[in-house]
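Hi everyone, thanks for making time today. Have a look at the model on the screen, and I'll talk you through a few parts of it.

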Amino acid sequence: MKSHVWRPLLVIIGLVILLLVFRHFYVPQDFGVHENGFTYGLYRTGAVEDWKKVTVKYQGEESCKACHRDVFESRILYPHKIIECENCHGPSGDHPTDPAKLPIDRSRELCLRCHTKLRYPTSARAGIVGIDPTTHNPGFECSKCHKPHQPSVQFLRFSTEDWKHIEYRGRDYCQNCHKSEFDDEGGYAHPHAAIECESCHGPARQHPADPPKLAIDTTRELCLGCHTRLPGSSTAHDGLKGVNPVGHNPGVECVKCHNPHRPALQLLDWTKVRSFERS
Amino acid sequence: MIPGELWTLKDLFVLPNEYIYWSIQIVMYPFMTGLVAGSFVLSSLYHVFGIKQLKGIASFALVLCFALLPAAMLPLVLHLQGPFRGINVLMTPHFTSAIAAFGIVFSTYFAIVASELWFLYRKHFVEESLFLKKKPHKTLTERLLYVIFTVLTLGSFDITQQARHKDEKAIKVLATVGIPVALFLHGYAGFIFGSVKANALWMTPLMPVIFIMSAVVSGIAFCMLTYIVTMEIRKFLLFLARREQPQTHALERREDIKSVEIGVIKMTSRYLLFFLVFAISLELLDLIFRGYTGIASWDVLSSVLFGKDFTKIFVLQYGLGNLVPLILFLIPGLTIRRTIVGVTLVLLGVFMMRWNVVIGGQAFSLTLAGYMEYLLPVIPHSWETFKEGVTGALTVLVVPLVLFYFYAKIFPVFPSSESS
Amino acid sequence: MTDAISRRDFLKKTTIAVAGVLVPVAAFEILSPDRVQALKTGDPVRWAFVVDTYKCVGCGFCVKACKLENEVPYDANASRTWVERYVLTKDGGFHADSPMAGRDGYSSPDIDLNESGSLYIPPEDIDKAFFVPKLCNQCEKPPCVQVCPVGATFRTPDGVVLVDRTWCIGCGYCIMACPYGARFFHPVYHTAEKCTFCYHRITKGLKSACVQACPFGARQLGNLNDPNDPVARVINTERVGVLRKEYGTKPQVFYIGLDREVR
């Protein structure tokens, strides 16, 4: 070993020892070969515990039944009984502690998941009643007419007589007369310009012949259908501005401060706002 | 955004989780390790097989190899989603994975090259150390160099004939042992791809061999190119010096340099040709077998090979990268200029081979009914587009050259060099 | 004639012989194939999954539930589980898609062809069309685990393949090695991500999020070590298929109604 030839080897051995010392401190103690052998079982056992500790978000409808018995009883046996509550309302998590309320998604997209008619032979999809979303009241929420918990046709929100007459005409029909509503100055503006007039005012049918006037719904509930901001909300309404209905001027109609046709905040009548508590 | 989504364009039926995850840096890695393996083999051809004409390029190749090694690790570090956890490969290597071999092979190879360089330049370290020790007033650079050279002697100042003889033997042993290790260093990269049964293009036992052959080709070509460029720079510097001080020696030196070049180049190009032919034969063999057996994946594979990637494969890689250099080197009366064109095209061909394997293998979906297009980021606008784009690839190419420049100050690469 | 055994003697000897043989024979337990299967591993549980493609309607509630339960960013264009649609036409045409992994269900008859736009197929041209939910097959011989260079992914004794998020270096080899496209890079954690059968739920006696969410019973999770488990029953007694059997991965997800065109 006196020969200088071995010096590089000594350097290398020194480096290897350093590496092994570092390894002793760096690699967790529970890392090793466990069941399933070296090929499939080299791991840190703590990782299994890490995965077991993930919080459970979806509780299952049995846990909803305890408080929401009325909904359960109203839900007729078939067909929506097969759908878990949380499929539409999102995971309940620690509800009612957190989140306090689960979102109510009224978008068409939710219903169209199953109820776009697709005539697919050999698939159970063909057996589900459905519509063509491009022709069946486009732009309107399904829940305007259909009750999600009692979806059968006999439970439509209108009597069968009314049902025969439901006619949503679409905003082009409104524009024939209500021109001022559509102009840039005082008409209805972004982002409510995307909402069909009849979503809030009801179906036009043969207006102005019948009905002579359409309803003007000023209740909070109409606005809060979209503009409730709830933690954990993951519906299509994500991205919409919203308020906590409990804290934001409870009992006061939204239209007292907000113009439903021109809802942008900078158009708010601030003189009216100051007279109320802000949340 | 899913990593990979930024530069992937899906077409037709592609699974939701499929993206081009292995991008330009994974193309660069086998390219760089190929240069490493090739330059080492070139250096060993002199040290092991005693091919005298390669003496001039042998040291050059070894130092270049040493400069390429850290640069070869760079693409991996840049690619990893968790680069700081990269050492886990050394800490808990799962040897059923080809990538786990990286840690051991790379370290072993590093040790071999470093040791061989030490034996090769030991005499120079000792001489420089003693010379600088005697010097009374050292500049800052000289003081730094003194420390470096003294440390590099590893405490041994024996440069007698006997000691030098032992050095020669050690070099021979290391150069011999290093050849299979160098081949393994690149062969395992081929194994990484060839063993993935999920990928219809990669899965073939020929992959490790194809990779090794093209690695040797690229290494030799790269050494030749850098050698020529360096010699031309030296000639030019000598020309400038001669203009300022028209002394006699300068003129002779220039002629000397020129003749050494041609001999080395001619010898090296023969080896280049041999490996080039071998590499292209294997690739054509693989293609022919796939077409002949025509398993389920052949439909989508042929539409990629003969359709979307036709230019990249047949024009760039096989045509410009293989056929044209073959012709250029076979024509008698080889000139330096023709060599430069030839080796550059060879390097292009090898690069395209890596590209066509890595990116080509991700050009079609697992469904065999869809495609993915790779949009290489050019102008970086974020860290991700920098490291996984053209800029990242250029960084990887430039780093070894920068390292080589500094290494050449400590490991002089030319036989009768004047110390700077 | 006196050599012939008497009838009485014969009956006596036969009875003794038969009784004598019965003793050791009783020691052999007649094992049913179910029980043999169940005794294969020492662990009390061996997870397996059954997908009934006749029942799937493409509503996508499973994908939505999976994303929310397992904290995969909702708008990320990847999912631990997904639903594919196949539409096979009378002229031999093949069309398939999986828009946003089926997260929003299938609310349009137009096939999403990514860069090639979308394609409307008139119902009268369709031979057969169906939906195929897919997820990690939790293979018995997972190629993804084999190729992990650092031991960051592994198979638990009860048969689920997991990823150690603290150890994964993000090389992507496992993603390339999976023949089923089950893996991807998590956009937040930057480690490999895949379906875990909702390991945090099944180890508490709950069902996986996707199984619970499916209104039509197209997804079922069960224990192969329990011969009375309904899923084990289906696998052992009904005709089921697996994906890419030729790769030797031994997947533990079994399909009812697996069409030849499923990829």
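Predicted model: local features only at pLDDT ≥ 70, side-chain atom pairs only at ≥ 80, totals over all residues.

Let's start with the cores. The largest nonpolar core has 213 residues. Those with the most contacts inside it are B:Met32, B:Val36, B:Val63, B:Cys65, B:Leu68 and B:Val217. And which helix gives the most to this core? That is helix H2 of chain B, residues 55-79, which puts in 17 residues. Apart from that core lies another one, of six residues, and A:Cys88, A:Cys111, A:Leu112 and A:Cys142 are among them.

Leaving out residues up to four places away in sequence, B:Val36 touches B:Cys65, B:Leu68, B:Leu69, B:Ala72, B:Leu185 and B:Gly219.

Now the helix. Where is the kink in H6(B)? You'll find it at B:Gly178, about 30°, shortly before the proline B:Pro180.

Last, the interface between chains C and B. Here 43 residues of chain C are in contact with 39 residues of chain B. On the chain C side, strand E3 (94-97), helix H4 (143-146), helix H5 (173-177) and strand E9 (184-185) each supply at least two residues. The largest share, four residues, comes from H5(C). By class, that side of chain C has 27 nonpolar, twelve polar and four charged residues.

Technical notes:
Residues numbered from 1 in each chain as written. Chains lettered and ligands numbered in written order. Core = buried A, V, L, I, M, F, W, Y, C linked by C-beta atoms within 7 Å. Buried ≥ 20, exposed ≤ 12 C-beta atoms within 10 Å, placed from the backbone. Contact = placed C-beta atoms within 7 Å. Nonpolar A, V, L, I, M, F, W, Y, C, P; charged D, E, K, R; others polar. Bend = angle between axes of the 7 residues up to and from the residue.
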